[in-house]
Amino acid sequence: MAPRAMHAERAYGAAPAVGRRSLSANILQTLLIVVASVGLLGAVIEPAPLVIEVDAAVLVEMTEPASTVFVANPEIADVQVPGSANARKFVIFGKKAGSTTVFALSRSGEVTRYSVRVPRQVSQVTAALQAAAPDARVEVFSAPNGLTISGSVASPAEAHQLRTIAGQFLTEKETLNFNVSVAAATQVNLRVRIAEVSRSADKRFGFNWSAISNSGTLALGLLTGRPPLEVVTNAVTGGTTTTFGDFSRSTDGLSSIGVGYRSGGGSVNVSGLIDALAEEGLVSVLAEPNLTAISGETANFLAGGEFPVPVPQSLQEITIEWKKFGVSVDFTPTVLQSDRLSIKVRPEVSELTDTGSVVVSGLRVPALAVRRAETTVELASGQSFAIAGLFQNNASNQMEQVPWLGDLPVLGALFRSSRFRRNESELVIIVTPYIVQPVAQTSDLHLPTDGLVYSTDLERVLLGRLTTASDAARSAGSPPPVPVSRLTGAAGFMLER
């Protein structure tokens, strides 16, 4: 057998010069012979299709010796003809995955057409997939334009790994039909607990003096600490008058202790007030959103609201845009294995504040105080991680005094007012993901309103009940009754079952 396959026409018994002709001349002559043979005989013999693997060969036997053998695409399959001129056998071997056609012409003009399909060797692909995922149940099939893989794996990570390995056996023009299902659950439930504790302290202490001398239409005096003038509106006439400020009451919630002296004629009025305030406040914010999303998809949650923001346009027009605030969570889970997942979470806590607010077209737009965190972690189902350290501490100390009088060594304290303010807040976020599956029956899920029936007027007045059980609603054959939720107490809190 010759070491090289014949790609074009091979005529047995011809002169040696024939073998030295160009390839294009051989192909043209072969096509003319095929066309002439089809025109004379009127039919072409088509045996059963041949399936030859890559680097494998098949022996083809004809009824008469072949004078010419032609391969449509020598890159997919090639032929080898024995050196004997009377040989009725030739060999077709596969070179590359694909389909082609082989024509064989006998000396009598008989034309035989062989449909050759060279499938891909899937044994190497199968071995590589089994080595990467021994427990995966997948099968590999050869397709005309690539590979087809079907079966099931335990996790999305294994599916991604098998897809990557199979893609290494394909060329740029070939495709991969990946029909592999994931047996494990791919839905993730995220439980987020957000707790914020805010503590504020405000302390103020100051002396306020009022010394007024009124003689006829002339008034002289010393005022500290309070507004010196006050505008009073007459409810009947609608007119306004401006008087000296009232030092007997506080405008900002201060506790005041005052002393004073008024002359008999009322022309001289001297009064003094000591303002003192010590205030502490504690505020806590708690939210526990629960979200469920498919692996690779993003879910979001918002407990808060939206506030309008005016946006000036042309021709003195104003449009409204809405900005979100409150407690929000965005998360994207990715299931790696049956009990392990990677999660990207982005919690945010924001609130409206006057600090940083702006005025647009006469409208005051509040600012947002935002605390945001974004992270990606890998953990098992049911494990938790905490985001802490979001601590904020603002302290201010303000001093007000009468010029020169407040700088006196001992008596200066009578003409000074001090104010100390501190705001402390700490935010802690705890995230717990769970790999979950949907329930099979709706009776496994309960609502807060299940079994909640409002009581009648007689029960509400005589028994003090806001809710009661409904026996008529529990018909025969219905699911087991849900414990009735009771609203108790003056504030009407829902008791936890």
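In this predicted model, a salt bridge joins the side chains of Glu424 and Arg422, with an N to O distance of 3.6 Å. Both partners fall in the intermediate class of accessibility, since Glu424 is partly exposed with a relative accessible area of 21%, and Arg422 is likewise partly exposed, with a relative accessible area of 34%. Side chains of opposite charge can pair when their charged atoms come close, and the structure holds 12 salt bridges.

Another of these pairs is formed by the side chains of Glu46 and Arg113, which meet at 3.5 Å, N to O. Because Glu46 lies in the loop between α1 (23–41) and β1 (50–51), whereas Arg113 belongs to strand β7 (residues 111–118), this pair ties together parts that are 67 residues apart in sequence. Arg113 has a relative accessibility of 31% and therefore counts as partly exposed.

A further salt bridge brings together the side chains of Glu374 and Arg346 at 3.7 Å, N to O. Here Glu374 sits in the loop between β21 and β22 while Arg346 is in strand β20, so the pair ties together parts that are 28 residues apart in sequence. Arg346, at 28% relative accessibility, counts as partly exposed, and both residues take part in a network of salt bridges that also links Lys344, Glu348 and Arg372.

Strand β20 also has several pairing partners. It runs antiparallel to β19, to which 10 bridges join it, and the two strands form a hairpin with 2 residues between them; within this pairing, Asp330 has Arg346 of β20 as its bridge partner. Strand β21 (residues 363–372) is joined to β20 by 9 bridges, again in an antiparallel arrangement, and Glu351 has Ala369 of β21 as its bridge partner. The hairpin of β20 and β21 has 2 residues between the strands, and Ser361 in the turn has a positive phi of about 55°. Finally, 6 bridges join β20 to the antiparallel strand β22 (residues 375–380), where Val377 stands opposite Ile343.

The largest nonpolar core has 24 residues, of which Leu190, Ile194 and Phe331 touch the most other members. Strands that each supply at least two residues of this core include β11 (187–215), β19 (318–337) and β20 (340–360). Among the contacts of Phe331, not counting residues up to four places away in sequence, are Val188, Leu190, Leu291, Ile343 and Val345. Apart from this core lies another, of 19 residues, including Ala66, Ala77, Val79 and Ile92.

Conventions. Residues are numbered from 1 along each chain as its sequence is written. This is a predicted model: local features need pLDDT of at least 70, side-chain atom pairs count only at pLDDT 80 or more; totals for chains, interfaces and linings use all residues. Side-chain values use heavy atoms; hydrogens and water are left out. A nonpolar core is a set of buried Ala, Val, Leu, Ile, Met, Phe, Trp, Tyr and Cys residues joined through side-chain atoms within 4.5 Å. Buried means under 20% relative accessible area, exposed over 50%, partly exposed in between (1.4 Å probe, protein chains only). Helices (H or I, at least four residues) and strands (E, at least two) are DSSP runs, numbered from the N terminus. Contact means heavy atoms within 4.5 Å. Two strands pair if DSSP finds at least two bridges between them. A salt bridge is a side-chain nitrogen of Lys or Arg within 4 Å of a carboxyl oxygen of Asp or Glu.
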